[in-house]
Amino acid sequence: MQRAGSLIRKLKLPAGSDNPENRAKAAWKLAAGAKIERYTLAAALVRNTLIIEVGDMIWQRQLFALRH
């Protein structure tokens with residue numbers, strides 16, 4: 001996985017999408033990759049932390065280990 005900050009510059013977001021939450025959600029799709037993104041949902045941006053929802057505890061543990 002790549003850092004979201006480096007990916008945001010590469011995103012081709014529509015004009016006017018300067019909302020930090022929208023940028024973070026869009027960056028998640030690139031940062032996580034196709035396999036991980038399929039099982040997750042970028043839910044919200046809370047105090048500069050992107051909240052990711054998953055379907056089960058196994059995915060939660062895996063993503064928690066990769067959080068840094």
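What you're looking at is a predicted model, where local features need pLDDT of at least 70, side-chain atom pairs count only at pLDDT 80 or more, and totals for chains, interfaces and linings use all residues. Residues are numbered from 1 along each chain as its sequence is written, and side-chain values use heavy atoms, with hydrogens and water left out.

Now for the overall layout. You'll find three helices and two strands in the chain, and walking along the sequence gives the pattern α-α-β-β-α.

Strand 1 (residues 40-46) runs antiparallel to strand 2 (residues 49-54), and six bridges join them.

What about the inside? A residue is called buried under 20% relative accessible area, exposed over 50%, and partly exposed in between (1.4 Å probe, protein chains only). Ala27 is one of the residues of helix 2 (residues 20-38), and with a relative accessible area of 0%, Ala27 counts as buried. Ala27 and Ala42 are 15 residues apart along the chain, and their C-alpha atoms are 9.6 Å from each other.

Ala42 also turns up in the largest nonpolar core, along with Trp28, Ala32, Ile36, Trp59 and Leu63. A nonpolar core here is a set of buried Ala, Val, Leu, Ile, Met, Phe, Trp, Tyr and Cys residues joined through side-chain atoms within 4.5 Å. Helix 2 and helix 3 (57-65) are the elements that give two or more residues to this core, and helix 2 has the largest share, with three. As background, nonpolar side chains in soluble globular proteins tend to be buried together.

Leaving aside residues up to four places away in sequence, Leu63 touches Trp28, Ile36, Thr40, Ile52 and Val54, where a contact means heavy atoms within 4.5 Å. Across the chain, 24% of the contacts with a separation of 6 or more are between residues 24 or more positions apart.

Next come the rings. Rings of Phe, Tyr and Trp (its six-membered ring) pair if their centres lie within 6.5 Å, and planes under 30 degrees apart count as stacked, over 60 as edge-to-face and the rest as tilted. The whole structure has one such aromatic pair. That pair is Tyr39 with Trp59, stacked at 5.0 Å centre to centre with 20° between the planes. Tyr39 is in the loop between helix 2 and strand 1 while Trp59 is in helix 3, so the pair ties together parts that are 20 residues apart in sequence. Tyr39 is partly exposed, at 42% relative accessibility.

Finally, look for charges. A salt bridge is a side-chain nitrogen of Lys or Arg within 4 Å of a carboxyl oxygen of Asp or Glu, and the count by this rule is one. Glu21 and Lys25 make it, at 3.2 Å from N to O. Both lie in helix 2, four residues apart, or about one turn of the helix. Glu21 is partly exposed at 25% relative accessibility, and Lys25 is partly exposed at 26%.

Conventions: Pairing = 2+ DSSP bridges.
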